[in-house]
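Here is a short report on one protein model. Look at the structure first, then read on.

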Amino acid sequence: MTDREAILQRHSVRAYEDKRIEADQVKLIEEKIAELNEAGGLHLQFVEDAGNIYNRLLNKAMGLGSAPSVIACVGKEADDLDERVGYYGEKLVLFLQKLGLNTCWTGTYNRKNVSVKIEDGEKLVIVIAVGYGKDQGKPHKSKSAEQVMEGKADRPRWFQEGVELALLAPTAINQQKFAIRLNDDDTVTFINKGGFFSQVDLGIVKCHFEIGADHGRK
């Protein structure tokens, strides 16, 4: 499965089977996390036993009390930390999809119950639920390409395919508060229009856009 195929297949999943992730998959996850941490200057951590991370009533009502494991997205505080978490975290999400696992980016959880190592100067940005879903989730409602595209009207195929996959990026409460501008010199500018976790969302959008644009150039 390619990253593009993983994007097309993946949907957020909130209800999980009561089943631990298999040991061979855990090894692959930890190896991928080490690779992404080096590439992104992050401290992503796999928490095999989610425990009571999702013990709040809201999370239980959403089914997240059943998530067996999580990815804790940690990094040194910096202006671009949230965006890097989104970008490299989504690369991990797509890798997990290719392993046959399901995921959900979650901004609501019990921080006191997240058993991770946070060094001086680091912070926990967000967590990603991961496990074997009871279903494969459902597509979310999406804006149209015209609602998020800006810039020159003569748009090449690679740009349009990038936007198409960017619109499939998971965003907090499905807000999709971003725009993608094609500049006159064919460079691309990503615009954050605010909202909850919007910088994380923008990183996820960039990840998706790059995968779509690369496919469109072939």
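At what angle do helix α4 and helix α7 pack, and how far apart are their axes? Helix α4 covers residues 81-98, and helix α7 covers residues 198-216. They pack at an angle of about 50°, with their axes 6 Å apart. That angle makes α4 oblique to α7. The crossing of α4 and α7 is right-handed.

Which residues make the contact? On α4, they are D82, E83, G86, Y87, E90, K91 and L94. On α7, they are Q199, V200, L202, G203, I204, K206, C207, H208, E210 and I211. Keep in mind that this is a predicted model.

Now turn to strand β6, residues 178-182. Four of its five residues are buried, so β6 is largely enclosed by the rest of the structure.

Strand β6 pairs with strand β5 (residues 149-151) in the parallel sense, over three bridges. Strand β6 also pairs with strand β7 (residues 188-192), here in the antiparallel sense and over five bridges.

## How the strands connect

What lies between β5 and β6 in their β-α-β unit? Helix α6, residues 157-166, does. The unit of β5, α6 and β6 is left-handed.

Strands β6 and β7 form a hairpin. Five residues sit between these strands. In this hairpin, D186 takes a positive phi near 70°.

Conventions. Residues are numbered from 1 along each chain as its sequence is written. This is a predicted model: local features need pLDDT of at least 70, side-chain atom pairs count only at pLDDT 80 or more; totals for chains, interfaces and linings use all residues. Side-chain values use heavy atoms; hydrogens and water are left out. Buried means under 20% relative accessible area, exposed over 50%, partly exposed in between (1.4 Å probe, protein chains only). Helices (H or I, at least four residues) and strands (E, at least two) are DSSP runs, numbered from the N terminus. Two strands pair if DSSP finds at least two bridges between them. A crossover is right-handed if, with the strands pointing away from the viewer, the path from the first strand over the helix to the second runs clockwise. Axes are lines fitted to C-alpha atoms, for helices over the stretch in contact, and angles run from 0 to 180 degrees between N-to-C directions. Angles under 35 degrees count as roughly parallel, over 145 as roughly antiparallel, 65 to 115 as roughly perpendicular and the rest as oblique. A crossing is left-handed if the near helix is turned anticlockwise from the far one by less than a right angle, and right-handed if clockwise. Contact means heavy atoms within 4.5 Å.
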